[in-house]
Amino acid sequence: VVMLLIPEALRTFGREFPEIQLRISEELYIEQLSRLRKGEVDVAIGPLPENLPHGDVAIEPLMPVSMSIVVRRGHPLERARSLADLKEARWVFTGAASDAGYARKLFERHGLPAPRTGALVNSTLGLVSIVASGDFVGLLPQPIAAHPAAASFLSIVPNREGPLEATIAAMAKPDAMLKPATRHFIAHLHRAANHLMRPSGS
């Protein structure tokens, strides 16, 4: 998410509100929500968690995102055509434990058991580094996987089941959502999301 939305949001927000200093940290959404509930951060940004309690946090959906399967360039599974072809691969999970994560959700939604856990990471950069340098498989937001900085090292696997669909959202405690600075920053996140989803050349 930091790679997708934050650079553009920081650029436009900083231009409009140069006196406000923002502190950005990349963490798992579980840790983000924990810090959010404790009041340590004002806004958490990431894929919208399933079964989030109503009223616990205020949610502002920003954009849909497709989580694509990726491997390093030249990987033997680069031309895999189905999840069944990938079930014995070593997957990189983003999460605190191997019983969570997007790879598990993708397999379960198609009636398949979760794949093998090859590594656990707590950041997108960690996932990219491990997948790009070894025989691992992972899931990345499609705009990141297709970005030139990643595409030179990674290949998107064209599996017939397609990607895992998710929603990127901004989350804040209800009282924090009322703060003008929070509302303005979320408005700039929406602007960044619209910029990202805009067809190139338009």
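Buried means under 20% relative accessible area, with exposed over 50% and partly exposed in between, for a 1.4 Å probe and protein chains only. Good morning, colleagues.

The structure above is a predicted model, in which local features need pLDDT of at least 70 and side-chain atom pairs count only at pLDDT 80 or more, while totals for chains, interfaces and linings use all residues. Residues are numbered from 1 along each chain as its sequence is written, and side-chain values use heavy atoms, with hydrogens and water left out.

I begin with the cores. The largest nonpolar core has 53 residues, and those touching the most other members are L5, L62, I69, W91 and L189. Strand β2 gives the most to this core, with 8 residues. Helices (H or I, at least four residues) and strands (E, at least two) are DSSP runs, numbered from the N terminus. There is also a second, separate core of 7 residues, including L33, V41, A44 and M171.

Let us look at W91 in particular. Contact means heavy atoms within 4.5 Å. Not counting residues up to four places away in sequence, W91 touches I69, L86, A103, F107, P115, R116, T117, G118, A119, V137, G138 and L139.

How many of the residues of β5 are buried? The count is 6 of 6, and the strand is mostly covered. F136, G138 and L140 point one way from β5, while V137, L139 and P141 point the other way. Two strands pair if DSSP finds at least two bridges between them. By that rule β5 runs antiparallel to β2, with 4 bridges joining them, and V70 has G138 as its bridge partner in β5. With β3, strand β5 pairs in the parallel sense over 2 bridges; here the partner of R90 is F136.

I turn next to helix α4, residues 124-133. Its buried residues are T124, G126, L127, V128 and V131. An α-helix has 3.6 residues a turn, so residues three or four places apart point the same way. Which elements do the buried residues of α4 pack against? They pack against β2 (58-72), β3 (90-94), β4 (116-121), β5 (136-141), α5 (142-145) and β6 (154-156).

On a 1 Å grid over the protein atoms alone, a cavity is a set of points where a 1.4 Å probe fits but cannot get out, and a pocket is an open set with protein on both sides within 12 Å along at least five of seven lines; lining residues have an atom within 4 Å of a point. Grid points are joined across faces, edges and corners, and a volume is the space filled by probe spheres set on the points.

A search of the whole structure finds 1 cavity of 30 Å³ or more. The largest cavity has a volume of about 60 Å³. W91, V92, F93, T94, G101, Y102, A103, L127, G138 and L139 form its lining. Strand β3 gives the most to that lining, with 4 residues. In this count, Ala, Val, Leu, Ile, Met, Phe, Trp, Tyr, Cys and Pro are nonpolar, Asp, Glu, Lys and Arg are charged, and the others, Gly among them, are polar. The lining of the largest cavity has 7 nonpolar, 3 polar and no charged residues.

The second largest pocket has a volume of about 210 Å³. Two or more lining residues come from each of α1 (6-16), α5 and α8 (180-197). Helix α8 gives the most, with 3 residues. The lining of this pocket divides into 7 nonpolar, 2 polar and 1 charged.

Why does A170 count as buried? The reason is that its relative accessibility is 0%. Leaving aside neighbours within four places in sequence, A170 is in contact with V43, A44, A58, I59, E60, L62, I186 and L189. A170 and A44 are 126 residues apart along the chain, yet their C-alpha atoms are separated by 5.7 Å.

As for β7 itself, 7 of its 9 residues are buried, so the strand is largely enclosed by the rest of the structure. Strand β7 pairs in the antiparallel sense with β1 (residues 44-47) over 4 bridges, and with β2, also antiparallel, over 9 bridges. M171 in β7 stands opposite A44 and opposite I59.

Key
A nonpolar core is a set of buried Ala, Val, Leu, Ile, Met, Phe, Trp, Tyr and Cys residues joined through side-chain atoms within 4.5 Å.
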